[in-house]
Amino acid sequence: MVDLVQGVAAAFAADGPLSVARPGLRPRPGQLAMALAVAKALQAGEHLAVEAGTGVGKTFAYLVPVLLSGQRALLSTATQALQDQLFTQDIPAVSRALGLPVRAALLKGRSSYLCLHRLELARTAGSSAQRDPAVAAGLEQVQRWARLTRSGDVGELDGLDERSPLRPLITSTRHNCEGTTCPQAAACHVNLARRQAREADWVVINHHLFFADQIIREAEAVDWLPETGVVVLDEAHQLNDTGVQLLSRSIASDNLRDLARELRVQGHARARGLRPWAHLALNLEQACRAVGSLPREVAIRSRSAWNDITPEGLAPAAWRVAVAGLDQALTAALEAVSATAQSAAELVRLLDRIKVLQNTWRQLAPGSTSPVDATSVRWMEWGADRSWRMVRAPLDSAERFGRLVQNAEPGARSWIFASATLGHDDTLGWFTRGLGLADHPTVRTLRVASPFDHGEQASLFVPHDLPEPSEAAHTPELAARVAQWANRLGGRTLVLTTTLRAVARMAEALNEQVLQGRCAPVQVLAQGSLSRAALLARFRTAASTPHGAILVASASFWEGVDLPGDALQLLVIDKLPFPSPDDPLTAARGARLEALGLKAFGDAYLPEATMALKQGAGRLIRTETDRGVLVIGDRRLLTRSYGLQMLDSLPPMRRVVDEADMSAALDALVLTRSSTRARPCS
């Protein structure tokens, strides 16, 4: 232990290799404390959960001791963006600074890689997609890129986000991959990435892939990821929710529409004329649409609780008819593919996929009269365009993840969990309980505060005179103020909302302010109009324009958004991020706590909202020189008993008391920022 601990201390010393390689790097006591704790855990074969505040430098704090330990490692993150940053920037920087080479591999999920065979099918099979001129042009663009790319990572393609209709045409899934019989198997980008991962010292993955690998290992005795002595799980606050997603059983209209597309493509390519493939696909699509078109009670919007045979808000007779119709469509597809499967290996795989989907459908749709047990919950989700999703999920990942850590041989593997938000006290109970680690004897915890002087760098304003968050006037009134505040700053404003619907309402209200001339013609960027990367790029670019931009976003923008410097100076959070009242998972977790004699609000909803608020607020101050104002447009922080607890969870910031004080704070930001240009303040 002494050698590794001393080596880590030397690496972070004022005259050490990190400082030499990165001139101007300031010593950070918190970073050193975290790095030493990681080193001790690695040496002892123990586990560490560490909450490292923004600016601690947690990435280097775990990379340095892992590299000096010489052990093989899995490095997992919550997002592909951080994966890319680790692989292309942080790992090379640490390796160069310490003079220790490391073979690192980047591995993502199958859907992140171009499938050469499916691209060729999409371009030549005469599908409906090919007849769409825009899709056909997109496929040709992908084909040109395919000749140049080495990794096959579709993230290299500009504008190809998760919503693109091209994505399912050019990537494969576990069910439609043709495996070793694929004519492009030798050049397969997925196979190449997995080979590189097996040969590497370090493999950089994401949490979805990590959990998927564990599930496949148990179900099929197949492993994608190598055995390593160290597992580092960064952005660990997302592990529980990611695990719940991967451990859930679900079937969605998207799955069935994709199956219908496969019926057309593979039937036409492998068994043309043997069965009415287009008709079978159409029947499946129509049956799928019939489920999404079922009339629902007005109160049932995005989710239906499902504690009986029929989901809440649906007529039992109509539900039974729709369920039977979709089952018949799946059966017809199954019989058609069964009769022709001997003609091609691709049809055999398609047959297996239909069997899996029908089995899942019959388990979830007819269902039992209640969830399997008290540790799971079932519900129905409703989306736009008659889309839907059936889900049965565990309440948390504790049973599965706790078993992973506890069943490991003592000292054989160290688990390092890191995040800026893991709990409210030194035990980090909010995090450890959700993963079943609270009582594990070798799980240590550590909290390291942010080195930033938030009292000097940031101000906090909670307007006391806004309407209640539940009132219709809340969004328009807040938007009017945001427009005026952003006007003083020349944009540089990020508005985080608690729902995607609120994004649209806020963006509309802000645009109305601009159209009516109540503020300068600031650019309003709204989530959903472009990919996340494109929105952030436009927002950064707009900082150099006269009026700048306001970015309105929700969901994933509450974390992982890094806008250092003057690009972001005003962060507005519209409402306190309490879980949605119609979320069956949240409701079931609350009911479980109530059964144990605890309080759902105080022991579940409030801690969740507080952690989310900390994550969102962390977008504002990203470096030692950043300056900004945080506005929380929810006066419940001032009027409810829990408000003080939530405010105490935030870094200490100077309090702005009224609009006059707010104006002065914004003007000070304009005058003190490095990129200030002559611009009148209104």
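**Confidence.** I looked up pLDDT before anything else. The protein has a mean of 89, and 94% of its residues reach 70 or more. I marked residues 676-682, where pLDDT stays under 50. The model still has 15 contacts beyond four places in sequence for residues 676-682. Where pLDDT is low, predicted coordinates should not be read in detail. I left that stretch alone.

**Sheet.** I then traced an open sheet of 4 strands, which run in the order β6-β9-β8-β7 with antiparallel pairing. β6 (249-252) and β7 (303-305) are the edge strands, and each has a single partner strand, so one side of each has no neighbour in the sheet. From one strand to the next I noted an average twist of 20°. For β6 I followed the pairing with β9 (residues 388-394), which is antiparallel and spans 4 bridges. I251 has M390 in β9 as its bridge partner.

**Helix pair.** Last, I checked α20 (residues 474-489) against α21 (residues 500-515). Their axes lie 9 Å apart, and the helices pack at an angle of about 50°. That angle makes α20 oblique to α21. The crossing of α20 past α21 is right-handed. On the α20 side I listed T475, P476, L478, A479, A480, V482 and A483 as making the contact. From α21 the contact residues are R505, M506, A509, L510 and Q513. Sorted by class, the contact of α20 with α21 has 9 nonpolar, 2 polar and 1 charged residues.

Conventions:
Residues numbered from 1 in each chain as written. Predicted model: local features only at pLDDT ≥ 70, side-chain atom pairs only at ≥ 80, totals over all residues. Heavy atoms only, no water. Axes fitted to C-alpha atoms, helices over the stretch in contact; angles between N-to-C directions. Helix = DSSP H or I, 4+ residues; strand = E, 2+ residues; numbered from the N terminus. Parallel < 35°, antiparallel > 145°, perpendicular 65-115°, else oblique. Left-handed = near helix turned anticlockwise from the far one by under 90°. Contact = heavy atoms within 4.5 Å. Nonpolar A, V, L, I, M, F, W, Y, C, P; charged D, E, K, R; others polar. pLDDT = per-residue confidence, 0-100. Pairing = 2+ DSSP bridges.
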